[in-house]
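Reader: I have a new structure to look at. Could you show me how to read it, one feature at a time?

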Amino acid sequence: MAALTALGLVALTQPIQSLTLSTVLVALLANQIGGIAPDIDQPTAPFWRNLPVGHIVGKIVDKAMGGHRFLSHSLLGLALFAFLAQALLHILQPILPHVDMHLVWWAFIIGMVSHLVMDMLTKEGVPWLLPIPIKIGLPPVKRLRITTGKFAEMFLVLPALIGVDMWLFASHYGQLLAFIHGNLIH
Ligand SMILES: [Zn+2]
């Protein structure tokens, strides 16, 4: 939900341009993958849970990445994922000729950054500056942050995000409609 909200906020600040429907759909998918990608270092994460042998592979990756909220939750990890995503999209380009891979890449990055920003709201914080082992959170006072999977996440953060999405959708409805009619191309 955070990935989608962030993507919506960024998309609305950009000048309207013509996009293919495939670009929009692949970008939405990449955005959601970006949104769960950092938790590749967590064996219990949705990322692994939803794969057939996920929890076994998850445990191995967990060891390799240095445990929960480590490399994949840092600027270094972000750069690494950005590089890997670009390489993968480059390989996929011939199979998906009508997809603007540059935009898909940005949608992935926005999803991933939104994940890290949301993790900052939790007590654990985010080790943005690895290998410097400081965990940074928002607000800086740990006591004021939320506990993952607890009341505040479900009843404050999620409704807030849904609220922002509904506001975005309602306040830009005309723009969205104009885009679908005039700028969605084959
Ligand atoms: Zn995370």
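Author: Start with handedness. A crossing of two helices is left-handed if the near helix is turned anticlockwise from the far one by less than a right angle, and right-handed if clockwise. Keep in mind that this model is predicted.

Reader: Which hand does the crossing of H1 and H7 have?

Author: The crossing of H1 and H7 is left-handed. H1 covers residues 2-13 and H7 covers residues 151-171. Their axes lie 10 Å apart, at an angle of about 30°. Angles under 35 degrees count as roughly parallel. H1 and H7 are therefore roughly parallel to each other.

Reader: Which residues make the contact?

Author: From H1 come Ala2, Leu4, Thr5, Gly8 and Leu12. From H7 come Leu161, Val164, Asp165 and Leu168. By class, the contact of H1 with H7 has 6 nonpolar, 2 polar and 1 charged residues.

Reader: Now a second pair. At what angle do H2 and H6 pack?

Author: They pack at about 30°, and their axes are 7 Å apart. H2 is residues 21-36. H6 is residues 101-120. That angle makes H2 roughly parallel to H6. The crossing of H2 and H6 is right-handed.

Reader: Which residues does each helix bring to that contact?

Author: H2 brings nine names to look for: Thr23, Val26, Ala27, Ala30, Asn31, Gln32, Ile33, Gly34 and Gly35. On H6, look for Val104, Ala107, Phe108 and Ile109, among others. The contact of H2 with H6 holds 11 nonpolar and 8 polar residues, with no charged ones.

Reader: What does Val104 touch, beyond its neighbours within four places in sequence?

Author: Val104 is in contact with Thr23, Val26, Ala27, Ala30, Leu89 and Val99.

Reader: Is Ile109 buried or exposed?

Author: Count neighbours. A residue is buried if 20 or more other C-beta atoms lie within 10 Å of its own. Ile109 has 20 C-beta neighbours inside 10 Å, so Ile109 counts as buried. Setting aside neighbours within four places in sequence, Ile109 is in contact with Gly34 and Ala82. Follow the chain 13 residues from Ile109 to Thr122: their C-alpha atoms are separated by 21 Å.

Reader: And how do I read a core?

Author: In soluble globular proteins, nonpolar side chains tend to be buried together. Here the largest nonpolar core has 25 residues. Ala3, Leu7, Ala30, Val104, Ala107, Phe108 and Ile110 touch the most other members.

Reader: Which helix gives the most to this core?

Author: H6 gives the most, with 10 residues. H1, H2 and H6 each supply at least two.

Terms used. Residues numbered from 1 in each chain as written. Predicted model: local features only at pLDDT ≥ 70, side-chain atom pairs only at ≥ 80, totals over all residues. Axes fitted to C-alpha atoms, helices over the stretch in contact; angles between N-to-C directions. Helix = DSSP H or I, 4+ residues; strand = E, 2+ residues; numbered from the N terminus. Parallel < 35°, antiparallel > 145°, perpendicular 65-115°, else oblique. Contact = placed C-beta atoms within 7 Å. Nonpolar A, V, L, I, M, F, W, Y, C, P; charged D, E, K, R; others polar. Buried ≥ 20, exposed ≤ 12 C-beta atoms within 10 Å, placed from the backbone. Core = buried A, V, L, I, M, F, W, Y, C linked by C-beta atoms within 7 Å.
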